[in-house]
Amino acid sequence: MQDIVLEVRNISKKFPGVQALDRVNLQVKQHEIVGLVGENGAGKSTLLKILIGAYQPDQGEVLVRGKPVRPRSVKEATDFGLSMVFQEQSLLSNLTVQENIFLGNEEAFTRFGVINWKKMKREAEKQLAKVDLDLDPGTYTYKLNFATRQMVELARVIAMEDRTKFEPIVILDEPTTVLDGNEIDLLFSRLHKLKERAAIIFVSHHLEEVLKITDRIYVFKDGKNAGELITRETDVNEIHRLMVGRELRGEYYRQGKQIKPEEDVVIKVENLTKSGKYKDVSFDLHKGEIISFAGVLGSGREDVCRALAGLDRADGGKISINGSKLEIDSPSAAIKAGIGYVPQDRGVEGLVLYLSIGPNITLPDLSNITHRGFLSPKSERRLAEHWIERMSIKAPGPNALCLNLSGGNQQKVVLSKWLATKVKVFILDHPTRGVDVGAKEEVYELIRELAKQGIAFLLIADTLEETIGLSNMIFTMKDGEITNRIEAPADNKPLPIDLIKHMM
Amino acid sequence: MSVQTRINNYRKTKTWVDVMPIATLVVLVILMSIGSPRFLLPANLLGLLSQSATLLVMGLGQTFIILLGSIDLSIAPVAAMATIIAAMLIPDLGYGAFVVALLYGAFAGLLTGIIHTKARIPSFIATLGAMGVWTGIGFIVSNATPISVSLANGHYLTWVTENTLGVSNVVYLALAILILTFVLENYTRFGRYVKAMGAGEKATYVSGVAIDRYKIYAFMLCSTLAAFSGILLSTRMSGGSARMADGFLMKAIAVVILGGTAISGGIGGVMRTFVGVLIVMVLDMGMNMAGVNPWFQQAVYGGIIILAVALTIDRSRISIIK
Amino acid sequence: MTAITEGRAIHKLRGLRGKPIPSIIGPFLVLLVLLIGLSIINPRFLSTANLGNLARQSSILLILAIGETFIILMGSIDLSIEGNMALTSVIIGLLAMNYFNNNDFGIWAVVLSVVAGTLMGLLNGVFHTKMRIPSFMATLGMMYVGLGLGTWLSNGMNLPLLDPMILSWARGSLGPVPNLTFFGIAAFFLAFFLERYTRFGRYVFAIGGAEDRAKLAGIPIDRYKIYAFTLAGFFFGLGGVLNSARIGAGSSTAGLNQLFAVITAVVVGGTALTGGAGGILQTLVGALIVTVISNGMVLAGVHSFAQLAVQGLIITIAVILTLDRSKLPFIK
């Protein structure tokens, strides 16, 4: 009879424009490894952040060994027994292994602020032994490779048990992304050993691995529970089915207005390669066409788009615009080629939040408002008013800082900016993220209208449904390569399940 | 639109930082007029203005750097070098000496700008290094002794020191620079890009602006204006020395920040610096009249800088403050 | 191999850009070359008198640079050195036996001066952390505060020190070894101990290495930053007192031109301006290098003003070569 060590009860969390978690439930028993899977945006990382104290839930509770806890910081969460091996490294590379294992928790070896190194080293050796890591604790962390560092992070997490006298609840967030085959096997053998003294949550989009290592699996979809499976009784297909499977709501994506792309090729990409990110990406983008990239984190799709936007140059390959080869090595080169990039991180890369609408729209091309070498505020004001009207931007006034606009309206300003430079290609990276439903539909209408005028789109959508609904063509990507090209004509749209099997 | 909506909209566009400096100035002027009835006399005000002209010009240059979110610590030694160059070259080049001094300023700014952008060194280090280099070179070139402009050459200085319509020319020159920088800030590409870079450098880069180039222009402008203020100093002091601009850095930073240009960048401008200069003018006069020791005043300004930065810095934009 | 695994392979080879523990071999060799070179060029370099001077100057510079090292290790900077020294120098000039008043507080004058310096450091730390002012700005402001207060209290004058004990610290020697050297050595060992054997020292490295990760681990960042600035203030104050003893007077110019020498010493020794790498041992070598160069220049008849220019140049070049730009998201 296994006790439940961690229970998540009816947890909800809302962010502007999106319900990230909607009354989710989860239980982890003693000495078990529970898998957590779901698409991008399913709510996995939000739940993890709540568990380790980075976010606070709007409702619901978290119980550790039956007692409700509300950690307000990572340190508090570890005091309650919850800790995480982060996807981004959390170790300090300029400190030694032993210092990292006990960082922030050196009380046992410190008297009046002075550290007893011998004692710490002995303790560190004990912790490393728990994860089968044969390493001198005095080694500086910068010398270790990723796999070893991950083990040190694990040791750091395990060390907690000596402080709290409880078995720890360990969360692993995408631990295998940076590991190769042998290292993954090593990790798994250590996790098996760890199971005997801890409860583990294993979050990953590598479903084969999840099926290998876990006892039970929770599937999340759109912030809700979509299923709870017993690992040895299920398979990849069942997980896929639970992960997707929503109805495409009628004309939400204005499929009726989807046009057939023209013959002219606007961008031709041949063998685009960047070591560590993507390899041999080739495709043609036609006038009026909407191509989407579908893939999970690490698939390389964001990097390909950034390369075409001039933000992250590829190592090899060829890009041709309207037939002539082009080096897109900076944003201004991309802009000259008629490419407009609408980034994921609107507030940092898309808009200058502390400027108002007009200056943001005119920034890429001030010649629109320059008369005889000088800027004309009057022209700028007229321009701002024109776009506010054309794009139905709801703003307190043309002088309002973009900071004060809603997500949807901010996005409209970004789109206006590029339309003012007469772009031929839009690269949209998660264009409807953080945008409310009404504004989302406006964006879809706009995309259809622009496509009709001949503007081409490269799209990274928020959800599979959006990907399918909007596109003429979908490229699935996995581990840096295009794994499949699926046509998505308006009258014969593919199903999410057809995509997902090529994505993970 | 209802009145309440109008008020809310106004609140969203105007912030506390916009209003404080002018309010402070008004309060100070009122206090001063009460304390000293002769304060508001035109003669008195114009006299004060001509004393502050040099500071205004230097502050205007620094405004563009602070708008970028950077800082230029080298303006005082650059100004001092300009005084030395002017004083040394007048006998041989006449008015040409001033041209050389200005070119030197542009060159100093070009160097700092290149080191900052191409070698990717934070501005406070690059300008700290420049500060040391120009201080040292200033001492070497002038042999650590002040250089005087002889009476025979005095006529080269009158374009600044003479009075026109009862007002010293230096005031007209400073106001001309104010107008020039105002136009630069609000009506040129350069000004627009500086503000955009300070307010959001990444987004500005993605919009295709050549960041490095305009940063270099900004540093060139700042150092050239520092050199110009040096020229103004040297004409009024009839000479040049490596120590002539001592104490200006602190005041130049103070006038920019007190005027309401935040060191987080993007917000503010030259008109605010003008207000800042007025505030410092009145504050100085007030402290002098109250008999506050001039050295203690330096300590006061140190405290004022700290306070002003604390009040105006936009913490939401800088997550980790080092 | 897929693109991803290729990338992993490269990451493994590259490891980390720039080692967090810079080797002192480089700077040490530079020092050695300088020592040998200068002794050959000018035999007076090795005279007892000159070596004594070297020992005195480098001890004071070392003490100041030790304070700055802790700050730079955290990734911050402290520009208030000259203001701190001005204030402490004037305080001791007024409290120890002097011509202007009847004070003769002896050792207590020293204590109070150093306390004043430490308090200035504390204020630096508080303004930086609690009011969230960037360190260069907060310390720049305090620089003027200290300088202003010092000049005001001394009326801009020199205050000759008459207390024989204090003067002997700077002027006396134990055999051939100047007394100041003992201060330098003591400060060095204290600081080295703090760096390597205390939690404070390790946290300073952590904050400088990756402040966001240190915060994640639960380290109370603000508290340790305040400790570091206070400690730096202590060392600057001590340096101010000792320098006053050396020049024989309290003066608001006691710290003149020290900022550049100190930063050059720290940077040249190998402590990175971005923080998290370097240390006290590195600063010892750096302080010796700066003192030897300046001493060499004086012996060669080069104007002392040139030193400022040279140091400014060295700082810029050293930073260009050693700055870990991957740590700065964008350069401001």
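Me: How do you know how α3 and α8 of chain B cross?
Reply: The axes of helix α3 (residues 42-67) of chain B and helix α8 (residues 169-187) of chain B come within 8 Å and cross at roughly 35°. Axes are lines fitted to C-alpha atoms over the stretch in contact, with angles from 0 to 180 degrees between N-to-C directions. Helices are DSSP runs (H or I, at least four residues), numbered from the N terminus. This is a predicted model: local features need pLDDT of at least 70, side-chain atom pairs count only at pLDDT 80 or more, and totals for chains, interfaces and linings use all residues. Residues are numbered from 1 along each chain as its sequence is written, with chains lettered from A and ligands numbered from 1 in the order in which they are written.

Me: Why is the crossing of α3(B) and α8(B) called left-handed?
Reply: Left-handed means that the near helix is turned anticlockwise from the far one by less than a right angle; clockwise would be right-handed. α3(B) passes α8(B) that way.

Me: What makes the contact between α3(B) and α8(B)?
Reply: Contact means C-beta atoms, placed from the backbone, within 7 Å. The residues include L46(B), L49(B) and A53(B) of α3(B), and V170(B), A174(B) and I177(B) of α8(B). By class, the contact has 12 nonpolar, two polar and no charged residues. Ala, Val, Leu, Ile, Met, Phe, Trp, Tyr, Cys and Pro count as nonpolar, Asp, Glu, Lys and Arg as charged, and the others, Gly among them, as polar.

Me: What makes up the contact of chain B with chain C?
Reply: It takes 44 residues from chain B and 45 residues from chain C. On the chain B side, α6(B) gives the most, with 15 residues. That side divides into 28 nonpolar, 12 polar and four charged residues.

Me: How do you know whether the span of helix α12 of chain B agrees with its 12 residues?
Reply: The expected span is 1.5 Å times one less than the number of residues. For α12 (residues 248-259) of chain B that gives 16 Å, and its end C-alpha atoms are 16 Å apart, so the two agree. G260(B) follows α12(B), with a positive phi near 115°.

Me: Why is α12(B) called largely enclosed?
Reply: Buried means 20 or more other C-beta atoms within 10 Å of a residue's own; 12 or fewer is exposed, and in between is partly exposed. 12 of the 12 residues of α12(B) are buried, so the rest of the structure largely encloses this helix. Among them are F248(B), K251(B) and G259(B).

Terms used. Helix = DSSP H or I, 4+ residues; strand = E, 2+ residues; numbered from the N terminus. Contact = placed C-beta atoms within 7 Å.
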